Every structure is written in C-alpha cells, then in structure tokens.
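Let's go through this model together, one question at a time. Have the sequence and the 3D view open as you read.

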Amino acid sequence: MFPAPEPPPALFPAPEPPPALFPAPESDASEPSRRRGGASRNGPAQDDSPENGSPPRNSPTRSGQTRNGQIRNGTPQGDDAGRQLVFFGAEAAEPTVADLAGLLAGPGEVVRMGGTARLSVQVDAAWRVHVLVAELAARGLAASWAPTEGERHAVRTSYTRVLKPLAAAWLHGSAKRPPATFHLTGRRLRLWLAAAGTPEPPDALLLRLGADDQEECWERIGVALAAAGLAGTLLNPSEGGPAYRITGRRRLARLAELVGEPPQAAPPQAWPT
C-alpha cells in the first residue's frame, strides 16, 4: 500500500484582504438612508447628468438657488428647509459608472486593452482602499489592491467593457484629458475626496491631481470645480501639488454637503463636515 498523493498546489494564491483597519469597517457604499435634513428618501434618484450631458461651463456659481428653492451657505431656506437634497449632491443620485470620472479628475488612471478598459488609482492610506473597493463594488466592478512603494496602495479594477465609454471620453491617445462636457457632481467629488483629499486645518482642503497629467487637464478640472461653487487655487508640483486648494469655511461647507456623510472607514479629521 502506498500513501495517497498530496493534492497539487493551487495555481494562484488566494487574494489578500484589504489593508487592516481596526475594526474592519462595514461597506461604505451603501445607499444613504436619510437626507441631511432628516427626511427619508422617497425612491431612487436618477443620474441624469452623464458625460454627454450639458455641464455648467461658467465661472464659480453661487450656491444661491436650486430648482425647488434657495440655498444660502449650503443650507436650504424657506418651507423646504431640512427636506431638500443639495442639487447634484452625493445623496441625490444613485451610484453609476459615470461617477468614476471623479477619480480621473484626481490621480486616477484609465487604460484600454482591445474593447475593454481598466481604472486604477494610487492612494496613501489603508482607509482609502476600503472606501474605494466598496464604492467600485456598488457600481458592479470588482476591484483588487496591491501595496506599492512608499507605503502606498494601488486600487484597480479588472479589464471590463463597462469602462470602455469612460476611457473613450477621457483618453486622447495615451494622455488623460477631461471631455468638453465634464462637470462635477456630489458623487464624483466624493470619490475624488476619498482617493486624494487632504484637509489643511483650520479652513482649507487639498484635492490632489494626477502628477503625470498635462496642465491643460488640470485647468479644465479647475473650471469644473469653479462651476460647482468650489473655486480653488492650483498648486504646481513645486508648491506641493499638483492639487487644488479649496479655502474658506463657506466653500468647505459647500463641499461637505455635496460629498455627503463621511465613510465609516474614514478618520474623523479626514472628511469635511
């Protein structure tokens, strides 16, 4: 009698879990159950502003009016106070793949292969990995992560046809460039903030850009920020950038309302409130 042979080794190692947090957070991409003012949602909101929509292209807009009422300093006024969502806010629409343009506004990258595309972004903290993996999953995209140099982490999707339209809109050759219709909604800003937002107390915040992107790309993104009421100062690499610095309590309050509540994994000081 001979002993039974051992089973062959696995062809591929099991994937590693995301970098540890203590305790491990629950999913951060669950649909918000309540509005900021306290009223519950009355049904699925539609994302009617994809990349082929008509974005605001003017200089910084005042947060003075919405379709159904007025907002001053980000607070609804009148009879609808406490019941209105911020127009284009993160809580005003369902997650869509088009939201991932927010990652491309920052340091995110997209590459094509045949009829598919893959999105990736490098982040500087473990909590960002948890948030982004959950956000991608909420949009039907499986994501993996890997440690990189300098205690950073790379979060990436697999190649998928789902991302092909996003790549077609943003890539000119191999260079990343925002499409002419690019604009920023709350969900896009939320993803950008989760990937590359850094508060600068007491009243400033940095939104980092792609270090290898062209200056024309940065300028178009600045126009979109201004149109969202978040005009910022462009910092060049020699000034600690590339990044846009958003300053002033009023603008930070506007940003906080647009991006919604902090993810569970985010440290309290890492998210505007």
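What follows is a set of questions and answers on this predicted model.

Me: How far does helix α5 reach from its first C-alpha to its last?
Reply: Happy to start there. Helix α5 covers residues 215-227, which is 13 residues. At 1.5 Å a residue, 18 Å is expected, and the helix comes close to that with a reach of 19 Å.

Me: Which elements cover the buried residues of α5?
Reply: The buried residues of α5 are C217, W218, I221, G222, A224, L225, A226 and A227. What covers them includes helices and strands: α1 (101-105), α4 (186-196), β8 (175-176), β10 (204-208), β11 (233-235) and β12 (243-247).

Me: Which residue takes a positive phi just after α5?
Reply: The helix α5 ends at residue 227. Just after α5, a positive phi of about 85° is taken by G229.

Me: Is the aromatic pair stacked or edge-to-face?
Reply: A search of the whole structure turns up one aromatic pair. Its rings belong to W170 and F182, with centres 5.2 Å apart. Planes over 60 degrees apart count as edge-to-face. The planes here are at 75°, so the pair is edge-to-face.

Me: How many residues apart in sequence are the parts that W170 and F182 tie together?
Reply: Both partners are buried, W170 at 0% relative accessibility and F182 with a relative accessible area of 2%. W170 lies in helix α3 (residues 164-170), while F182 is in the loop between β8 and α4. The pair therefore ties together parts whose separation in sequence is twelve residues.

Me: Is R139 buried or exposed?
Reply: R139 is found in the loop between α2 (126-138) and β5 (143-148). Leaving aside residues up to four places away in sequence, R139 touches P95, T96, V97, D99, L100, R187 and L191. The cut-off for buried is under 20% relative accessible area. R139 has 9%, so R139 is buried.

Me: Which residue's backbone oxygen does the side chain of R139 reach?
Reply: Good one to check in the viewer. The side chain of R139 comes to 2.8 Å from a backbone oxygen, and that oxygen belongs to E135.

Me: Which element gives the largest share of the lining of the largest pocket?
Reply: The largest pocket has a volume of about 610 Å³. It is lined by 31 residues, with P107, G108, E109, G210 and A211 lying nearest its centre. At least two lining residues each come from β3 (109-113), β4 (116-123), β6 (152-157), β8 and α4. The largest share, four residues, comes from β4.

How values were computed:
Residues numbered from 1 in each chain as written. Predicted model: local features only at pLDDT ≥ 70, side-chain atom pairs only at ≥ 80, totals over all residues. Heavy atoms only, no water. Expected span 1.5 Å × (residues − 1). Buried < 20%, exposed > 50% of the residue type's maximum accessible area, 1.4 Å probe, protein only. Contact = heavy atoms within 4.5 Å. Phe/Tyr/Trp six-rings, centres within 6.5 Å; stacked < 30°, edge-to-face > 60°. Polar contact = N/O pair within 3.5 Å; in protein donor to acceptor, adjacent residues only side chain to side chain. 1 Å grid on protein atoms, 1.4 Å probe; cavity = no way out; pocket = protein on both sides within 12 Å on 5 of 7 lines; lining within 4 Å. Points joined across faces, edges and corners; volume = space filled by probe spheres on them.
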